[in-house]
Amino acid sequence: MTAWNAGYGEKGRKLAEKVLKADPSNYYAYGFLAVWNVEVERRGGGFGSWVMGASLDKARSNYQAAIRLAPDDVGIHWQYARALAALLRVQSRQGGLTTG
């Protein structure tokens, strides 16, 4: 809750979006946004994602943009996979998997 109240999630997203406006080829910013969307879903569920404007579709889109620009960057693949694995763990504990 501390991070939510401090607005870190929104600040991080806005910073990455600002970076992309200045440098549309910044694959790290796309990678960050991919993970950001997954993490919002994991931590906030459907309601948190709705409030923050996050989705797994946006995560996939940002990941695809990142790997188009840097297909061999292991960090991009690793961080996205780590975030998805953490989400899967939460969803399986809750008794169901969601997509979307």
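This is a predicted model: local features need pLDDT of at least 70, side-chain atom pairs count only at pLDDT 80 or more; totals for chains, interfaces and linings use all residues.
Helix H3 spans residues 27-52 and packs against H4 at an angle of about 160 degrees, the two axes lying 8 Å apart. Because this angle is over 145 degrees, H3 is roughly antiparallel to H4. The crossing of the two helices is left-handed. On the H3 side, the contact is made by Tyr27, Tyr30, Gly31, Leu33, Ala34, Asn37, Val38 and Glu41. These residues meet Leu56, Lys58, Ala59, Asn62, Tyr63, Ala65, Ala66 and Leu69 of H4. Sorted by class, the contact of H3 with H4 comprises 11 nonpolar, three polar and two charged residues.

Serine 49 is located in helix H3. Its relative accessible area is 4%, and serine 49 is therefore classed as buried, the cut-off for this class being under 20%. When neighbours within four places in sequence are set aside, serine 49 is in contact with Val40, Glu41, Gly44 and Ala54. Of these, Glu41 is also listed among the H3 residues that meet H4.

Arginine 60 belongs to helix H4, which covers residues 56-69. With a relative accessibility of 35%, arginine 60 counts as partly exposed, since this value falls between the limits of 20% and 50%. The side chain of arginine 60 is joined to that of aspartate 57 by a polar contact of 2.5 Å.

Notes: Residues are numbered from 1 along each chain as its sequence is written. Side-chain values use heavy atoms; hydrogens and water are left out. Helices (H or I, at least four residues) and strands (E, at least two) are DSSP runs, numbered from the N terminus. Buried means under 20% relative accessible area, exposed over 50%, partly exposed in between (1.4 Å probe, protein chains only). A polar contact is a pair of N or O atoms within 3.5 Å; within protein, one must be able to donate a hydrogen and the other to accept it, and residues adjacent in sequence count only if both atoms are side-chain atoms. Axes are lines fitted to C-alpha atoms, for helices over the stretch in contact, and angles run from 0 to 180 degrees between N-to-C directions. Angles under 35 degrees count as roughly parallel, over 145 as roughly antiparallel, 65 to 115 as roughly perpendicular and the rest as oblique. A crossing is left-handed if the near helix is turned anticlockwise from the far one by less than a right angle, and right-handed if clockwise. Contact means heavy atoms within 4.5 Å. Ala, Val, Leu, Ile, Met, Phe, Trp, Tyr, Cys and Pro count as nonpolar, Asp, Glu, Lys and Arg as charged, and the others, Gly among them, as polar.
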